Amino acid sequence: MGHWSSNGKYTKDYDSSEAESDAVNQPPPKRRRVYKEEEEWSDDLVEVAEEEEEDEKEEEVVVEEEDDEEEEEEDEDDNDEEGDGGGGYEGDDDDAVAQLEVGYYSKTCPNVEAIVREEMEKIMSVAPSLAGPLLRLHFHGCFVRGCDASVLLNATGSNLAEKDAEPNRSLRGFGSVDKVKAKLEAACPQHRGPFWPVALGRRDGRVSSAAEAADQLPPAYGDVPLLTKIFASKNLDLKDLVVLSGAHTLGTAHCPSYAGRLYNFSSAYNSGPSLDSEYADRLRTRCKSAHDKAMLSEMDPGSYKTFDTSYYRHVAKRRGLFQSDAALLTDATTRDYVQRIATGKFDDVFFKDLSESMIKMGNVGVLTGAEGEIRKECYIVNWI
Ligand code: HEM
């Protein structure tokens, strides 16, 4: 029940008994799996069904099992700098005043409409009641600042975003937008970031030793002489070291990998000179001790999912997360490289360098022919 106010707005009356009885009658949230033959895409879609469709009882889904594996919660606290530029595909026309047109992506992502349609059809088949929420999302998106997807943006710092506004609190369907976006990114990734050809024909080895791994992998506390020595043993030089370290533009690290830089100095609040003190303070709030194995921090805060050059800007500002990152400022060659790429004017140079170094790294100790085998199972050597 509700009522219309004099200004024409409809307000739903809150009926606590109704809410309570709803709560009592609600079945506990259930994990649902679709039938086995649909498994190719079922796991993805079932998340949508779980998150946004808990009240939906579709025939094609069955309760099968309790699944404890939740997606690791994303580390969003560190995104205080440099956004990653966001998604989107380069259209035919880069002109800012370009007109909208049907088939805008016909050259750059020809299947865009088909991909969106196919994914939406899958979502609708599992969770048809999301049709309403998605239509409303479109309406709320277009009514505020135009149809510019600002309704999808999360709050940052003190800025509450559109989705935090009262009328938008009940918006649903964000998970579906993510699903469709993921499909588009997979089919038509933005041409940002490096890529390289990979020559194939490597054989699989039959030996795997923990002692060798402990001995041969570079430690996070490594300085340039140590890292250079380790890299040289793999036919990689100083340039490869500084270039490949740029891979730390992606991903996250566990607290013990850098806690030594936060707490091993004269006092708990005095980190080493190689680490920016403000950044160290912030890291301390997240990484309480070297034993904190759960906490993750982005190595390239703000764009840890994007292969870009902002890692070098952090390192240049003494905000490299590991000692090995910070060490790149202690050698003239590596420092020059860090500072050059940090300007943001040489992204293409870095991408080309990275491609070359990745090819070199991919050729380390390759086995061919009778030197190895082609494993039947990834984790077990073949029976002879
Ligand atoms: C220069 C020597 C290197 C050192 C000392 C080093 C050290 C580390 C450490 C300590 C972590 C975090 C582990 C954790 O706490 O979970 C890490 C993560 C990572 N490293 Fe390196 N690394 C080096 C080189 C490389 C290279 C050559 C690459 C690839 C080309 C690379 C790619 C990555 C990526 C992508 C992650 C994030 C993984 C994730 O998100 O789970 N690193 N590295």
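Analyst: One term before we start: a residue counts as buried when its relative accessible area is under 20%, as exposed when that area is over 50%, and as partly exposed in between. Also keep in mind that this is a predicted model.

User: Okay, got it. How many helices and strands are in the chain?
Analyst: The chain has 14 helices and 6 strands.

User: And what share of the residues count as buried?
Analyst: There are 384 residues in the chain, and 32% of them count as buried. As for contacts, take those with a separation of 6 or more: residues 24 or more positions apart account for 69% of them.

User: Let's do cysteines. How many disulfides does a search of the whole structure find?
Analyst: The search turns up 3 disulfides. Counting bonded cysteines along the chain, their pattern is 1-4, 2-3, 5-6.

User: Remind me, what is a disulfide?
Analyst: It's a covalent bond between the sulfur atoms of two cysteines.

User: Start with C109 and C188. How far apart are their sulfur atoms?
Analyst: The sulfur atoms of C109 and C188 are 1.8 Å apart. The link is right-handed, with 75° about the S-S bond. This pair connects distant parts of the chain, 79 residues apart: C109 is in the loop between β4 and α3, while C188 is in the loop between α5 and α6.

User: Why does C188 count as buried?
Analyst: Because its relative accessible area is 11%, and the cut-off for buried is under 20%.

User: What about C142, which cysteine does a disulfide join it to?
Analyst: C142 is joined to C147, with an S to S distance of 2.2 Å. The torsion about that S-S bond is about 120°, so this disulfide is right-handed.

User: Is C147 buried or exposed?
Analyst: C147 counts as exposed because its relative accessibility is 62%. C142, on the other hand, is partly exposed at 22%.

User: Where do C255 and C287 sit?
Analyst: They form a disulfide with sulfur atoms 2.0 Å apart. C255 lies in the loop between β5 and α9, and C287 in the loop between α10 and β6, so the pair ties together parts that are 32 residues apart in sequence. A torsion of about 85° about the S-S bond makes this disulfide right-handed. C255 is buried, with a relative accessible area of 0%, and C287 is buried with 0% as well.

User: And C378, buried or exposed?
Analyst: C378 counts as exposed, at 59% relative accessibility.

User: Switching to helices. At roughly what angle do the axes of α3 and α5 cross?
Analyst: They cross at roughly 145°, and the axes come within 10 Å. The crossing is right-handed.

User: Which residues make the contact?
Analyst: On the α3 side they are V112, I115, V116, E119, M120, K122 and I123. From α5 you get S176, K179, V180, K183, L184 and A187. By class, that contact has 8 nonpolar, 1 polar and 4 charged residues.

User: There's a ligand with an iron atom. Which residue is its donor from the protein?
Analyst: The iron atom has a single protein donor, H248, whose NE2 is 2.1 Å away. H248 is found in the loop between α8 and β5.

User: New topic: V338. Which helix does it lie in?
Analyst: V338 lies in α13, which covers residues 332-342. V338 is buried, with a relative accessible area of 0%.

User: What does V338 touch?
Analyst: Leaving aside residues up to four places away in sequence, V338 touches V242, Y312, V315, A316, L328 and L329. V315 is 23 residues from V338 along the chain, and their C-alpha atoms are separated by 7.3 Å.

User: Last one. Where is R284?
Analyst: R284 is in helix α10, and counts as buried at 8% relative accessibility. Its C-alpha atom is separated by 8.5 Å from that of Y263, 21 residues apart along the chain.

How values were computed: Residues are numbered from 1 along each chain as its sequence is written. This is a predicted model: local features need pLDDT of at least 70, side-chain atom pairs count only at pLDDT 80 or more; totals for chains, interfaces and linings use all residues. Side-chain values use heavy atoms; hydrogens and water are left out. A disulfide is a pair of cysteine sulfur atoms within 2.5 Å. Helices (H or I, at least four residues) and strands (E, at least two) are DSSP runs, numbered from the N terminus. Buried means under 20% relative accessible area, exposed over 50%, partly exposed in between (1.4 Å probe, protein chains only). Axes are lines fitted to C-alpha atoms, for helices over the stretch in contact, and angles run from 0 to 180 degrees between N-to-C directions. A crossing is left-handed if the near helix is turned anticlockwise from the far one by less than a right angle, and right-handed if clockwise. Contact means heavy atoms within 4.5 Å. Ala, Val, Leu, Ile, Met, Phe, Trp, Tyr, Cys and Pro count as nonpolar, Asp, Glu, Lys and Arg as charged, and the others, Gly among them, as polar. Donors are N, O and S atoms within 2.8 Å of the metal (3.2 Å for Na, K and Ca); water is not among the atoms, so sites may look incomplete.
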